[in-house]
Each structure stands twice: as structure tokens, then as C-alpha cells.
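Dear colleague,

I am handing over the structure that follows, together with some notes on what was found in it. Please keep it open beside this message while you read.

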Amino acid sequence: MKIEGKIVVVTGGADGIGRGLCDRFHQEKAKAIVVVDIDGAKAAEVARAVGGISFQADVSKEADIIRVVEETEAQVGPIDLFVSNAGIGAPGESFHSVGSASNDVWQHVWEVNLMAHVYAARALLPRMIARGGGYFLNTASAAGLLTQVGSAVYSVTKHAAVAFAESLAITHRDEGIRVSVLCPQAVDTPLLRLAGEGTQNVDGVLSPAEVAACVVEALDRETFLVLPHPQVLGYMQNKTGNYDRWIGGMVKLRRRYDQG
Ligand SMILES: NC(=O)c1ccc[n+]([C@@H]2O[C@H](COP(=O)([O-])OP(=O)(O)OC[C@H]3O[C@@H](n4cnc5c(N)ncnc54)[C@H](O)[C@@H]3O)[C@@H](O)[C@H]2O)c1
């Protein structure tokens, strides 16, 4: 899918990767860019920069996603591409204990990192199918394919996001629905800076603009799996080729992180 002339919604569009996507979609001459974020003021700023519109919305609330879809389609037109990009880490989870996050933290991260994708699909699929198709780009993470050493909550919710994108792609391909899932390693954003010490970015840190360039190319080719760090494919192959050896390798990586 070419971005030129398309109506695009980006959640978590006020900062980081989402902002990078909005900037790049603007360069690609999208017809309209709808910037959605829990931070309404910052979303409005990005919308001004890309000549779009914005909504303050919390993607963990289904009513907010329904409002974004209904108001966008009423004010702007049919959504061609919905990017479920907003995502969060797990505050307070201990690097050293998989059970350390509270039930409330598990629930909230689950709602943002996974349920938001379900809500977007639920709100948009009937509309897109009725008009012959549409595109979902869901931001997961390499943590959704491999794992995030030190965060069970992030890893599990991102695996769920990848699984949901697979279901979406497989179930609705014949109705004209296209799906891509974005799975980067480290990207230079506030989220990464918040994760801070303890994380070593083994394959380098990309800029949001570099990730956005990779996304535009993948959308053009309608590739399901979008890997801005190409090494991730090799890691996936190692994992499926010999799961026990892969777990052993990850244990060694965890020990390296422990030593700082
Ligand atoms: N930065 C990385 O290294 C990295 C790597 C892999 C995957 N990701 C994923 O990329 C996506 C974007 O991450 P980022 O690094 O740009 O993060 P970020 O924190 O820099 O930006 C995320 C944006 O989402 C918004 N947001 C957070 N919760 C929201 C909610 N409930 N409703 C609406 N908006 C909300 C924030 O206000 C912020 O503007 C996330 O899904 C993240 O998990 C990031």
C-alpha cells in the first residue's frame, strides 16, 4: 500500500516511533494524518506539524477507540490505515523476579499493549470489509518474538500482540484486510530512555525516522513482519531451530546484563 492519498490514524502519535511515523507519512503525502494520544496537547502539536487532526484518547478504553474511528470517518473520511502503536512498559517490575509486577500493572499493560489492537480491529473491520479492504499496522516489538530480558509483562503482552496480528491477517485476508506487525529492537525514544540502565542494546539503537522508513517500505510490499533490526530474523530462526540452546543463550545474556 502506498501512503500517498491515504487517510491514516496513528495511536501514540505524539512522541517516539508514532511521531516518526506521522512525520514520514506526511512526507509520503498522506491525504490526512490523525494523531491519537493520551497526551492531547502533544498530539495537537504533531497534528499541526503534519497538517492533520488530533484526538486525545486512551487506547486502553474501547469507547475512546470507537470515538476516534467514528469521528475520523465522519469528519475526514474512510480510514485506509490504522496504526496501533501506543505501547508501554511495566512500571516497578523487578528485573530479577517474574512475579514482581502487581495484578493492576499486568492488567493495564495488557490493555494498552494488546486490547487496544483488539478494540481497533473490532471497531474498524466491519467498515473496512464493507468497502472492500483496509490496512492495520500494529506495533509489537522484537520482545514479542524473542523476549525482553527482565520484563515478563512486556514480553507476554507483546507476544500476545504478535499473535493477534497473525489471527487478524489469517482470518481476514480474503476480505481485503492487510496486516503488518512492527517488531523493532531498541529505538531512541522516551520509552527506551525510561527503560534506562540494565538494558543493553545489543544491535544498536535506531532513530524513529529509520524505523518509519522501514515501515513505509514494508507497507509498500505488504510484508507481514516488519523488522527494522534485520538480525531479529536470525534470532527467531535460532529459537525455533533449537529452543533449549536459545534459552541457554538468553540466560547468558541475562547474566551479562546483571553484571552491568
Ligand atoms: N522504543 C523502543 O525501543 C521500542 C522497541 C520496540 C517496540 N516499541 C514499541 O513501539 C511503540 C511506541 O513506543 P515508543 O518507544 O515510541 O514510546 P514513547 O513512550 O516514546 O511514545 C509512546 C506514545 O504513546 C502514548 N501513549 C501511552 N499510553 C497511551 C494510551 N493508553 N493511550 C494513548 N496513547 C498512549 C504516549 O503518550 C506517547 O506519546 C510501543 O508500542 C512500544 O512498545 C518501542
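**The unit around β6**

Strand β5, helix α5 (residues 152–172) and strand β6 make a right-handed β-α-β unit, where right-handed means that, with the strands pointing away from the viewer, the path from the first strand over the helix to the second runs clockwise. Helices (H or I, at least four residues) and strands (E, at least two) are DSSP runs, numbered from the N terminus. Please bear in mind that this is a predicted model, in which local features need pLDDT of at least 70 and side-chain atom pairs count only at pLDDT 80 or more, while totals for chains, interfaces and linings use all residues. Residues are numbered from 1 along each chain as its sequence is written.

Is strand β6 (residues 177–182) largely enclosed by the rest of the structure or exposed? In this strand 6 of the 6 residues are buried, so β6 is largely enclosed by the rest of the structure; a residue counts as buried if 20 or more other C-beta atoms lie within 10 Å of its own, as exposed if 12 or fewer do, and as partly exposed in between, with the C-beta atoms placed from the backbone.

Strands of a sheet pair through backbone hydrogen bonds, either parallel or antiparallel. Here an open sheet of 7 strands has the order β3-β2-β1-β4-β5-β6-β7, with parallel pairing, and two strands are said to pair if DSSP finds at least two bridges between them. Strands β3 (53–56) and β7 (225–226) stand at the edges, each with a single partner strand, so one side of each is left without a neighbour in the sheet.

Strands β6 and β7 run parallel and are joined by 2 bridges, with Val-181 opposite Leu-225 in β7.

**The chain as a whole**

The chain has 9 helices and 7 strands. Its radius of gyration is 18 Å, close to the 18 Å that the globule rule gives for 260 residues, so the chain is as compact as a globular protein of that length; the radius is taken over C-alpha atoms, and the rule is 2.2 Å times the number of residues to the power 0.38. Along its principal axes the C-alpha trace spans about 55 × 35 × 30 Å, and buried residues make up 45% of the 260 residues.

Two residues are in contact if their C-beta atoms, placed from the backbone, lie within 7 Å. Of the contacts in the chain with a separation of 6 or more, 68% are between residues 24 or more positions apart.

**Around the ligand**

Which residues come nearest to the ligand? Of the 28 residues around it, these are Gly-12, Gly-16, Gly-87, Thr-189 and Leu-191, where a residue is near a molecule if its C-beta atom, placed from the backbone, lies within 6 Å of it. Helices α1 (16–27) and α6 (190–195) each supply at least two residues of this shell. The shell divides into 14 nonpolar, 10 polar and 4 charged residues, with Ala, Val, Leu, Ile, Met, Phe, Trp, Tyr, Cys and Pro counted as nonpolar, Asp, Glu, Lys and Arg as charged, and the others, Gly among them, as polar.

**Some single residues**

Ile-53 has its place in strand β3, and with 19 C-beta neighbours inside 10 Å this residue counts as partly exposed. Leaving aside neighbours within four places in sequence, Ile-53 is in contact with Val-34, Ala-47 and Val-76.

Val-205 lies in the loop between α6 and α7 (208–221) and is partly exposed, with 14 other C-beta atoms within 10 Å. Not counting residues up to four places away in sequence, Val-205 touches Ala-186, Val-187, Asp-188 and Leu-192.

Most residues other than glycine have a negative phi. Lys-29, in the loop between α1 and β2 (32–37), has a positive phi near 70 degrees, and Glu-222, in the loop between α7 and β7, has a positive phi of about 55 degrees.

With best wishes
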